[in-house]
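Please look through the chain shown below before reading the numbered points.

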Amino acid sequence: MDSDLALAVALQEQFDEEDKCKTEAPCVRTDTSIVDSYWELADPNPNIHELFLQFDATYFKSSLNNAGVEVKWSPRMTLCAGVCSYEGRGGLCSVRLSRPLLKYRPRRDLVQTLLHEMIHAYLFVSQHNTVS
């Protein structure tokens, strides 16, 4: 096989894979980082609850969801992008993300803030560490 034909075959396979991603749902790329620029166009406004569950399963063995940690948008929080709070003796843990600060920021900022706050939540759930 000459080099032109090999290149044509490789490009056709790449095209077919990209076309498959457009027609099949969901198409998840495994060759990119969770903060890769690809996601800015593929999923610019992700659902924070879905991200939370995905990251919890991937990085925390679903321990946050199993412990009842919640994630929600805060429409009034403007001094920081995210906060993890621990309430009461029952150990209720809540991750809140600033809608005003993250709404127009790149997706990468949302992902990094969510993961940062999830780490705080994990430390609380697994070690009862309330010091941030």
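1. Asp109 belongs to helix α6, where helices (H or I, at least four residues) and strands (E, at least two) are DSSP runs, numbered from the N terminus. With a relative accessibility of 18%, Asp109 counts as buried; buried means under 20% relative accessible area, exposed over 50%, and partly exposed in between (1.4 Å probe, protein chains only). The side chain of Asp109 makes a polar contact of 2.7 Å with the side chain of Arg105. A polar contact is a pair of N or O atoms within 3.5 Å; within protein, one must be able to donate a hydrogen and the other to accept it, and residues adjacent in sequence count only if both atoms are side-chain atoms.

2. The basis of these values should be kept in mind: the model is predicted, so local features need pLDDT of at least 70 and side-chain atom pairs count only at pLDDT 80 or more, while totals for chains, interfaces and linings use all residues. Residues are numbered from 1 along each chain as its sequence is written, and side-chain values use heavy atoms, with hydrogens and water left out.

3. The secondary structure of the chain comes to six helices and three strands. Read from the N terminus, the elements follow the order α-α-α-α-β-β-β-α-α. Of the 132 residues in the chain, 27% are buried.

4. The three strands form an open sheet of mixed pairing, in the order β1-β3-β2; two strands pair if DSSP finds at least two bridges between them. The edge strands, each pairing on one side only, are β1 (70-74) and β2 (82-87). From one strand to the next, the twist averages 25°.

5. How do β1 and β3 pair, in the parallel or the antiparallel sense? They pair in the parallel sense, over five bridges. By contrast, β2 and β3 (residues 92-98) run antiparallel and are joined by six bridges. Leu97 in β3 is the bridge partner of Trp73 and also of Gly82. Five of the seven residues of β3 are buried, so this strand is largely enclosed by the rest of the structure.

6. Axes are lines fitted to C-alpha atoms, for helices over the stretch in contact, and angles run from 0 to 180 degrees between N-to-C directions.

7. The largest nonpolar core has 21 residues, and Val95, Leu97, Leu114 and Met118 have the most contacts inside it. Such a core is a set of buried Ala, Val, Leu, Ile, Met, Phe, Trp, Tyr and Cys residues joined through side-chain atoms within 4.5 Å. At least two residues of this core come from each of α3, β3 and α6, and the largest share, seven residues, is from α6. Leaving aside residues up to four places away in sequence, Met118 touches Phe52, Phe55, Asp56, Phe60 and Leu64, contact meaning heavy atoms within 4.5 Å.
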